[in-house]
Amino acid sequence: MLKAEYQGNEGFLQRDSVEHKGYAEAQSTDRREGKERDGASDLLEAILDRDNLNRAYKRVKRNHGAAGIDGVTVEEALPWLKEHREELLQSIRDGSYMPSPVRRKEIPKPDGGVRKLGIPTVVDRVIQQAIAQKLQSIWEPLFSDSSYGYRPKRSAQQAIQKVKEYVEEGYRYAVSVDLSKYFDTLNHELLMNLLHKQIQDM
């Protein structure tokens, strides 16, 4: 069952995430304040821009992801999104949009364990992608040049090439570190505070 709504040819509604109630209340206050601070509130409208949402939908479709908890595929979601576009956008603007729970799936690991995946609904993925597209332009210039993970136009192959360059410079050791269940242990409050240093629109 979809609770999100479509905007434009690719605008989508999202639900309230797993944020604390207090934080959700702080969002609306900061959004009002943002309008008085150098146009910070324009960020939300940039995220909800028709072209940005269209690009987000196309990216989600290109990724060939599975359906979320509602069982709706990317192709099946589009007509619904078109029909509910205005409702979806309004719910995002007024803070009533709530993301759906993620569908849990376990993927076997080569070592015998399992990797637990959380698969959001298509609508939630489109909204997440639309946000990421706008935040990326703010944060990319601030990231370390030595960072290669999950960044545009960067890859593991480039990281390996950098290691080879270091070897040619005389370095003799490389350390590979994998933190167990790292994303499960992230402090979301700390992350939100870090985001707030660059983005004043909650």
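Student: What relative accessibility does glutamate 165 have, and is this residue buried or partly exposed?
Tutor: Start with the scale. Under 20% relative accessible area is buried, over 50% is exposed, and values in between are partly exposed. Glutamate 165 has 31% relative accessibility, so this residue counts as partly exposed. Keep in mind that the model is predicted.

Student: How many residues does helix H7 have, and what is its span?
Tutor: Compare the end-to-end distance with the expected one. Helix H7 covers residues 156-168, 13 residues in total. From its first C-alpha to its last, H7 reaches 19 Å. That is close to the 18 Å expected at 1.5 Å a residue.

Student: Which residue with a positive phi follows H7?
Tutor: Look at glycine 170, which comes after H7 and has a phi near 115°.

Student: What is phi in histidine 64?
Tutor: Histidine 64 is not a glycine, yet its phi is positive, about 55°. Histidine 64 sits in the loop between helix H3 (50-62) and helix H4 (74-83). With a relative accessible area of 70%, histidine 64 is exposed.

Student: What is phi in lysine 153, and where does this residue lie?
Tutor: Lysine 153 is another residue other than glycine with a positive phi, near 60°. Lysine 153 is placed in the loop between helix H6 (122-139) and H7. Lysine 153 counts as exposed because its relative accessibility is 82%.

Student: Why can charged side chains pair?
Tutor: Side chains of opposite charge can pair when their charged atoms come close. Here the cut-off is 4 Å, from a side-chain nitrogen of Lys or Arg to a carboxyl oxygen of Asp or Glu. By that rule there are five salt bridges.

Student: Which residue forms a salt bridge with lysine 162?
Tutor: Glutamate 165 does, with the closest N and O atoms 3.2 Å apart. Lysine 162 and glutamate 165 are three residues apart in helix H7, so about one helical turn separates them. Lysine 162 is partly exposed, at 26% relative accessibility. Glutamate 165 is partly exposed too, at the 31% you began with.

Student: Which residue does arginine 154 pair with?
Tutor: Aspartate 145, with the closest N and O atoms 2.9 Å apart. Read the exposure of each partner on its own. Arginine 154 is partly exposed at 23% relative accessibility, whereas aspartate 145 is exposed at 59%.

Student: What is the N to O distance between arginine 85 and glutamate 86?
Tutor: Their side chains meet in a salt bridge at 1.9 Å. Glutamate 86 has a relative accessible area of 49%, so this residue is partly exposed.

Student: Which residues gather in the patch of positive charge?
Tutor: Look for like charges on the surface. Arg104, Lys109, Arg115, Lys116 and Lys181 form this patch. Take lysine 109 as one member: its place is the loop between strand E3 (103-108) and strand E4 (114-119). Lysine 109 is partly exposed, with a relative accessible area of 32%.

Student: Which residues make the nonpolar surface patch?
Tutor: Now look for nonpolar side chains instead. Tyr150, Val175, Val177, Leu179, Tyr182 and Phe183 make a patch of about 800 Å². Valine 175 lies in the loop between H7 and helix H8 (188-198). Valine 175 counts as exposed because its relative accessibility is 73%.

Terms used:
Residues numbered from 1 in each chain as written. Predicted model: local features only at pLDDT ≥ 70, side-chain atom pairs only at ≥ 80, totals over all residues. Heavy atoms only, no water. Patch = residues over 30% accessible without salt bridge, like charges linked within 9 Å, V, L, I, M, F, W, Y side chains within 5 Å. Areas by Shrake-Rupley, 256 points an atom, 1.4 Å probe, with all protein chains shown as cover. Lys, Arg positive; Asp, Glu negative; His and termini not counted. Charge placed at Lys NZ, Arg CZ, Asp CG, Glu CD. Helix = DSSP H or I, 4+ residues; strand = E, 2+ residues; numbered from the N terminus. Buried < 20%, exposed > 50% of the residue type's maximum accessible area, 1.4 Å probe, protein only. Expected span 1.5 Å × (residues − 1).
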